[in-house]
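Dear colleague,

I am handing over the structure below, which you have not worked with before. Please look through it first, and then read my notes on what was found.

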Amino acid sequence: MKTTPMKYALMMTIGSTSSAFAASGAREDNSGFFVWIFLGFCALIVVAQLMPAVLMMLGFAKAMGKEKVAAPQTVTHK
């Protein structure tokens, strides 16, 4: 039964270091003003790229919804 002191020592070691993995609960935000300007500029680029894509999809949907009337064509043989 010499393994019980080793088990206790191992449990004491693991038990004392478990608090090192705990989260503090408070979140710090050290982002400065220029970081928020950069993120806003990135969002502006994304929106500027999405607007033409959305307009093109709406144009395709509008074109698919129209009924196309085919004009009669005459066939001539030579």
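The accessible areas in these notes come from the Shrake-Rupley method with a 1.4 Å probe. On that basis, the protein chain exposes about 8,300 Å², and carbon and sulfur atoms supply 71% of this area. Please keep in mind that the model is a predicted one.

As for the fold, the protein chain has 2 helices and 0 strands, and buried residues make up 0% of its 78 residues.

Val-54 has a relative accessibility of 39%, and because exposed means over 50% and buried means under 20%, Val-54 counts as partly exposed.

There is also the matter of aromatic rings, where the count comes to 1 aromatic pair. The rings of Phe-33 and Phe-34 have their centres 6.1 Å apart, with their planes at 65°, so this pair is edge-to-face; the cut-off for that label is an angle over 60 degrees, with centres within 6.5 Å. Both Phe-33 and Phe-34 are exposed.

Methods: Residues are numbered from 1 along each chain as its sequence is written. This is a predicted model: local features need pLDDT of at least 70, side-chain atom pairs count only at pLDDT 80 or more; totals for chains, interfaces and linings use all residues. Side-chain values use heavy atoms; hydrogens and water are left out. Rings of Phe, Tyr and Trp (its six-membered ring) pair if their centres lie within 6.5 Å; planes under 30 degrees apart count as stacked, over 60 as edge-to-face and the rest as tilted. Buried means under 20% relative accessible area, exposed over 50%, partly exposed in between (1.4 Å probe, protein chains only). Helices (H or I, at least four residues) and strands (E, at least two) are DSSP runs, numbered from the N terminus.
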